[in-house]
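Here is a note to read with the model open beside you. Take the points in order, and find each residue on screen as you reach it.

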There are 6 protein chains.
Amino acid sequence: MPYVTVKMLEGRTDEQKRALVEKVTAAVSETTGAPAEKIAVFIDEMSKSNYALGGKRLSDQ
Amino acid sequence: MPYVTVKMLEGRTDEQKRALVEKVTAAVSETTGAPAEKIAVFIDEMSKSNYALGGKRLSDQ
Amino acid sequence: MPYVTVKMLEGRTDEQKRALVEKVTAAVSETTGAPAEKIAVFIDEMSKSNYALGGKRLSDQ
Amino acid sequence: MPYVTVKMLEGRTDEQKRALVEKVTAAVSETTGAPAEKIAVFIDEMSKSNYALGGKRLSDQ
Amino acid sequence: MPYVTVKMLEGRTDEQKRALVEKVTAAVSETTGAPAEKIAVFIDEMSKSNYALGGKRLSDQ
Amino acid sequence: MPYVTVKMLEGRTDEQKRALVEKVTAAVSETTGAPAEKIAVFIDEMSKSNYALGGKRLSDQ
């Protein structure tokens, strides 16, 4: 704890995801005081056909 | 904002999903007063082997 | 099924929330073919001190 | 209702998932008094490249 | 891990919730092989005015 | 987008939550390339009576 979920479009590289979880964990630890080894990060990737803004899916724009 | 998530079984057509996000966005905008372009819709598709009712997965029925 | 979650700021009236779940359920039923009585809607209300855009909470703007 | 979500790493067998939803449904029914047929269970499987503890993804350990 | 979320109406007693997390943890441990001390359970309580079935909130029925 | 949810125990100060959303947004922007103004952060606070590890709620330990 804390548990962090990052929901974003698929397509980031492995290197970006590796840096993302490292930097987010550091930011959460620094500001909440939780030890880094207790912080979990989940990446939740969406496809463009399952995400819409303004009533239109990204795959339809 | 608002953020809407629709969790459902996989298998709907692309045309159904396109209509779904359009109609849901309109319904949310009309009833909450939020402008449509601020409303996000996420479709979260489940497989029948990961969803159970009454203790039995749909893939086992 | 489907299961719909609407995440939004607190402060809508009871009448708005009543209309919201009714219209959203109709939109989902019409576009997915699921019978209305099988559709669940959850309203998830956030406070302005627990929601941020651009790194700033709404309560700090 | 209740709605139960089990988030775990992918890789469990079909037999394990079948037993999981059966036993969890029984545990929830017994302790909350909800009838089993009203209880839904969702299994949400993560890959090792989308889950991190201590700032390091399982796929990087 | 696993992480289990139980979403249900508010109103269960403290004793019911204590039994719920104990029995659910045992069920998940037994069927997935995960050690109990690694299993987290979250209880997510809804009010009747934020939950609808068939387009009607429980507070309106 | 991305959408970030931080689930943690209630009890952090307003100042901690303000710093949390600022630092997390910066970390996500830097590593994913998404502009900060498109990044939303939700804080989801749990009570000790609704969170269990190892089958025991924090309020029972």
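Predicted model: local features only at pLDDT ≥ 70, side-chain atom pairs only at ≥ 80, totals over all residues.

1. Let us begin with the make-up of chain A. Chain A holds one helix and four strands.

2. Next, look at the overall form of chain A. Its C-alpha atoms fill a box of roughly 45 × 25 × 15 Å along the principal axes. The radius of gyration of chain A is 15 Å, whereas a compact globule of 61 residues would have one near 10 Å. Of the 61 residues in chain A, 48% are buried.

3. How do contacts in chain A span the sequence? Take those between residues at least 6 apart in sequence: 63% of them join residues at least 24 apart.

4. Helix α1 of chain A and helix α1 of chain F each cover residues 14-32, and their axes lie 9 Å apart at an angle of about 165 degrees. Are they roughly parallel or roughly antiparallel? An angle over 145 degrees counts as roughly antiparallel, and therefore α1(A) and α1(F) are roughly antiparallel to each other. Their crossing is right-handed.

5. Which residues make that contact? From α1(A) they include A:Gln16, A:Ala19, A:Leu20, A:Lys23 and A:Val24, and from α1(F) they include F:Gln16, F:Ala19, F:Leu20, F:Lys23 and F:Val24. Further along, A:Ala27, A:Val28, A:Glu30, A:Thr31 and A:Thr32 take part, as do F:Ala27, F:Val28, F:Glu30, F:Thr31 and F:Thr32. Sorted by class, the contact of α1(A) with α1(F) has ten nonpolar, six polar and four charged residues.

6. Some chains do not touch at all. No contact joins chain A and chain C, and their closest C-alpha atoms are 12 Å apart. Chain D and chain F are also without a contact, with 12 Å between their closest C-alpha atoms.

7. Most peptide bonds are trans. The bond joining A:Met1 and A:Pro2, however, is cis, with omega at about -5 degrees. A:Pro2 lies in the segment before β1 (3-9) of chain A. In chain C, a cis peptide bond joins C:Met1 and C:Pro2, and omega is about -5 degrees there. C:Pro2 sits in the segment before β1 of chain C.

8. Please also visit C:Glu10, in the loop between β1 (3-9) and α1 (14-32) of chain C. Its relative accessible area is 49%, so C:Glu10 is partly exposed. Not counting residues up to four places away in sequence, C:Glu10 touches C:Glu45, C:Met46 and C:Ser47. By contrast, C:Ala36 is 26 residues from C:Glu10 along the chain, and their C-alpha atoms are separated by 26 Å.

9. Finally, go to D:Gln61, in the segment after β4 (56-57) of chain D. Is D:Gln61 buried or exposed? With a relative accessible area of 62%, D:Gln61 is exposed. Leaving aside neighbours within four places in sequence, D:Gln61 is in contact with D:Leu53 and D:Lys56. The C-alpha atoms of D:Gln61 and D:Ala19 are separated by 30 Å, and these residues are 42 apart along the chain.

How values were computed:
Residues numbered from 1 in each chain as written. Chains lettered and ligands numbered in written order. Heavy atoms only, no water. Axes fitted to C-alpha atoms, helices over the stretch in contact; angles between N-to-C directions. Helix = DSSP H or I, 4+ residues; strand = E, 2+ residues; numbered from the N terminus. Parallel < 35°, antiparallel > 145°, perpendicular 65-115°, else oblique. Left-handed = near helix turned anticlockwise from the far one by under 90°. Contact = heavy atoms within 4.5 Å. Nonpolar A, V, L, I, M, F, W, Y, C, P; charged D, E, K, R; others polar. Rg over C-alpha atoms; globule rule 2.2 N^0.38 Å. Buried < 20%, exposed > 50% of the residue type's maximum accessible area, 1.4 Å probe, protein only.
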